[in-house]
Amino acid sequence: MTFTLAIVGRPNVGKSTLFNRLVGKRLALVDDQPGVTRDLREGEARLGDLRFTVIDTAGLEDATDDSLQGRMRRLTERAVDMADVCLFMIDARSGVLPTDEIFADILRRRSDKVILAANKAEGTKADAGVIEAYALGLGEPIRLSAEHGEGLNDLYSQLLPISDEFEKRAAAIAPDTDLDLEDDELSDEEITLGEDGKEASAARVPTAAKPLQVAVVGRPNAGKSTLINRLIGEDRLLTGPEAGITRDAISLSLDWEGTPTRIWDTAGMRKKAKVQEKLEKLSVSDGLRAVKFAEVVVVLLDVEIPFEQQDLRIADLAEREGRAVVIAVNKWDLEDEKQDKLKELKEEFARLLPQLKGAPLVTVSAKTGRGMDRLHGAVMRAHDIWNRRVSTARLNRWLTGMLEVHPPPAPGGKRIKLRYMTQVKTRPPGFVVMCSHPEKLPESYRRYLINGLRETFDMPGTPIRLTLRSQSDKNPYKDKKKSTPSRLRKHLGKKPHGE
């Protein structure tokens, strides 16, 4: 059992900088302008030998209405209620502001354990601010510099007794167990034999230790955060009518209909030409990084304006990154002519995204929860296909049939021979064909083979990588000088060479 530490304070006091230092990675976006962080971000922190969960929160602002700032404040107050310890940060250079006093009073009432930290305390300019912090009535402030890593020893000293207390609690409630698990009970994967007799790993089954990685991407205001809130069953992510609310790529763990899943909410991606601000560029790059780490990418469209140019770019990006792709059309509850609209969507999908031919297309409503079971089924099927493996024997029988139906061309009178094929990887499926003159095989014939793989081995929608490697007709022994072994020459009565 570990404790949870929530970092709270006004905007731009250095909360995200300290969060990144504690988790040892640049997970949270950091910028000079205030109000960068909007959602709650959790991470596994390490401070010396202490291990705990740390929560980065939005800056506390004096707003209680239903504005964006008011919703951000409610989310931060929720983190205060969730956490075991609150680290209240002030800016030592700015000193104690009236807003700090308001929030210090809130923390005294809502949190049992509050640690006061005066950040940006390097140098003598911060001395006055550190002294002012005593007036908040939260005890002696810790002098911190999250940017330079100063004062972390003092933070460790404050957290150590809290950690010891939680360890004692864990020891008191831990049941006495003595389990003897066999080795085969610990296996996460089943081993199957292909038709060629070689071992082949089945699709990885998601576990709590290695959950299914899903990224939800799309244009701003498509409903990505609302969709994830619906899946986890609580308003964990900040939502609203404003476009571009989400900035960080936030990951959350959930049990999705029995499947351990880690799902990523990403910032809305606009056209590159429209992305001018540095902060938006950071947000988009954070989302792209989530796509690279995901196994399945859900491209969320708005039913009122589906398949915009940017939607096509986002789907194509996921395919080029080799991720399994699911197309989800949100706000389906607003559509009146559902059958006609669905037929139109499928036709546009086949026409505009031929590289994802056969990928799942599902309709959902994040607002009402309709279609979430279909979305889960589509994600699991896409993940299964993405992990699919075909035995070498089946592949070469299939290749022989494809060559008989449609032989490869002979450019310049040189016949191209495709001799052998095998699958070299999964996630996504990757195949290698040994052939003569691979550089002369037309792209159209390559597409013919890829489409044949999709149809024959039931791999619709998933990216398929097909590599051609040269295998020469040349006899490797043709130019070697024929010679008789010395023992044989002696036996035949001939003198060995050099005698």
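Reader: Is Asp340 buried or exposed?

Author: Buried means under 20% relative accessible area, exposed over 50%, and partly exposed in between (1.4 Å probe, protein chains only). Asp340 counts as exposed because its relative accessibility is 51%. This is a predicted model, where local features need pLDDT of at least 70, side-chain atom pairs count only at pLDDT 80 or more, and totals for chains, interfaces and linings use all residues. Residues are numbered from 1 along each chain as its sequence is written, and side-chain values use heavy atoms, with hydrogens and water left out.

Reader: How is a pair of aromatic rings described?

Author: By the distance of the centres and the angle of the planes. Rings of Phe, Tyr and Trp (its six-membered ring) pair if their centres lie within 6.5 Å; planes under 30 degrees apart count as stacked, over 60 as edge-to-face and the rest as tilted. The count here is 5 aromatic pairs. One of them, Phe307 with Phe349, is stacked, at 6.2 Å centre to centre and 15° between the planes. Phe307 lies in the loop between strand S12 (296-302) and helix H8 (309-320) and Phe349 in helix H9, so the pair ties together parts 42 residues apart in sequence. Both Phe307 and Phe349 are buried.

Reader: Why is the pair of Tyr445 and Tyr448 tilted?

Author: Because the planes of Tyr445 and Tyr448 are at 50°, with the ring centres 5.1 Å apart. Tyr445 is buried at 3% relative accessible area, while Tyr448 is partly exposed at 22%.

Methods
Helices (H or I, at least four residues) and strands (E, at least two) are DSSP runs, numbered from the N terminus.
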